[in-house]
Amino acid sequence: MDPELERLADDLAALHRGRGLRRPTIEPGPALREALQLSQVEDPVAVRRRLVREFKAATASIAPDLRVVFLHACAISCQDATLRDRLARVAEVIDRDQRTVRRRLVQANLGVAGYLQHRARDPSSTEPLRVESMRSIMDLRGPAPVQTTYRTVRAAQPGITSFRDRFGIPHPPGRPLEPQLRVVAGGELEVLEQQSASVWGLQVRLDHVLDAEELHEIGIEVTIPDRDLIRPYTVAVPLGPTRAFTATVHFGDPPAATRAWAVDGLLPAALDDGVPTSRTFDPETTPDVTVDFTRLQLGLAYGLAWTWAQSP
């Protein structure tokens, strides 16, 4: 294990002891001070507030059960006076024995340490809004496909007023594509610009100012003029920690496809192979297909693919 990561995890474990962050005096260890650039003379109240804010942001990047364990252990989500009592409460919440909970706490400390270490090495990697989960709905029941994507984002800091993103629509070369886009939830479209033949950038002005750690849903609808202008798949390729993704395709009646299959952790380069690699579906008997994914790996594709039916 990386010695620096281990020292940082040890400093986090030390903060869990006793009353955790509710103790009168908090003394972060040297590795944690260095990662967060905390001075030795900083006001104790300010240190506590900073640690709470940093830990809430860091735990958004780890699994939900580990987040619960960590926030209870350091006394952010629980006021019990001892670590043993707080972990006993966690055992009830996640329905696991205390030995398992303590193993999860070790994992959580390493996950939080990894996040803090990565951010300390590359401060630009911390986005003001982090995508927690996504759900995408592709409607093929009409001549113009419509894809609506909802992103649940978490504010890493207070005062967030806008959301920036990019989306791609792979389509046949040599055929220009002019999709119609509108924001259907969470704000208003401010900027839409084409960045390449198949990639667009956008900026949404949120419908209210977000507080730190606030969750907010943003819905974006994209209409493609013709079915022939899109590839036979709808996928997400996470570039940052994303806990869950749900993909739905409405194939219609008669169905727009002869077969469909789940894309579960596929290399994006293999998407055009057209070969089922996971669960398969028959659009004739299941015209509305939904697949769910958790623990998504960065850079891999998740969603649904299909084989087009012949046009009548």
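Select Arg-135 together with Tyr-150 to begin: the charged end of Arg-135 sits over the ring of Tyr-150, 4.1 Å from its centre, where sitting over a ring requires NZ of Lys or CZ of Arg within 6 Å of the ring centre and within 35 degrees of the ring normal. The model is a predicted one, in which local features need pLDDT of at least 70 and side-chain atom pairs count only at pLDDT 80 or more, while totals for chains, interfaces and linings use all residues. Residues are numbered from 1 along each chain as its sequence is written, and side-chain values use heavy atoms, with hydrogens and water left out.

**Salt bridges**

Turn next to the charged pairs. Side chains of opposite charge can pair when their charged atoms come close. Taking a salt bridge as a side-chain nitrogen of Lys or Arg within 4 Å of a carboxyl oxygen of Asp or Glu, the count comes to 12 salt bridges.

Select Arg-104 and Asp-65, which form one of these, with the closest N and O atoms 2.7 Å apart. This pair links distant parts of the chain, since Arg-104 belongs to helix 6 (residues 98-121) and Asp-65 to helix 4 (residues 64-73), 39 residues apart; helices here are DSSP runs of H or I with at least four residues, strands are runs of E with at least two, and both are numbered from the N terminus. Asp-65 is partly exposed, with a relative accessible area of 22%, given that buried means under 20% relative accessible area, exposed over 50%, and partly exposed in between, with a 1.4 Å probe and protein chains only.

Move on to Asp-165 and Arg-151, whose salt bridge has its closest N and O atoms 2.9 Å apart. Here the pair joins strand 3 (residues 160-168), which holds Asp-165, to strand 2 (residues 146-155), which holds Arg-151, across 14 residues of sequence. Asp-165 is partly exposed at 22% relative accessibility, whereas Arg-151 is buried at 11%.

Then pick Arg-182 and Glu-221, another salt bridge, with the closest N and O atoms 2.8 Å apart. Arg-182 lies in strand 4 (residues 180-185) and Glu-221 in strand 7 (residues 215-223), so the pair ties together parts that are 39 residues apart in sequence. Of these two, Arg-182 is partly exposed at 48% and Glu-221 is buried at 17%. Finally, select Glu-132, Arg-154 and Arg-243 at once to display a network of linked salt bridges.

**Aromatic rings**

Rings of Phe, Tyr and Trp (its six-membered ring) count as a pair if their centres lie within 6.5 Å, with planes under 30 degrees apart called stacked, over 60 edge-to-face and the rest tilted; by this rule there are 6 aromatic pairs. Select Phe-55 and Phe-70, whose ring centres are 5.3 Å apart and whose planes meet at 90 degrees, so the pair is edge-to-face. Phe-55 sits in helix 3 (residues 44-59) and Phe-70 in helix 4, 15 residues apart, and both Phe-55 and Phe-70 are buried.

Next select Trp-306 and Trp-308, where the ring centres are 5.6 Å apart and the planes lie at 80 degrees, so this pair is also edge-to-face. Trp-306 is buried at 2% relative accessibility, but Trp-308 is partly exposed at 24%. Phe-245, Phe-293 and Tyr-302 can be selected together, as they form one aromatic cluster.

**Nonpolar cores**

A nonpolar core is a set of buried Ala, Val, Leu, Ile, Met, Phe, Trp, Tyr and Cys residues joined through side-chain atoms within 4.5 Å. The largest such core has 41 residues, of which Leu-129, Leu-140, Ile-169, Phe-245, Phe-251 and Trp-306 touch the most other members. Its largest share, 5 residues, comes from strand 6 (residues 199-210). Apart from it lies another core, of 29 residues, including Leu-51, Ala-63, Leu-66 and Ala-108.

Centre the view on Leu-51, which lies in helix 3 and is buried, with a relative accessible area of 0%. Not counting residues up to four places away in sequence, Leu-51 touches Leu-15, Leu-21, Ile-26, Pro-28, Leu-32, Leu-36 and Leu-38, contact meaning heavy atoms within 4.5 Å.

**Cysteines**

Last, select Cys-74 and Cys-78. With a disulfide taken as a pair of cysteine sulfur atoms within 2.5 Å, the structure holds 0 disulfides. The sulfur of Cys-74 is 10 Å from the closest cysteine sulfur, in Cys-78, which is too far for a bond. Cys-74 is buried at 0% relative accessibility, and Cys-78 is buried at 4%.
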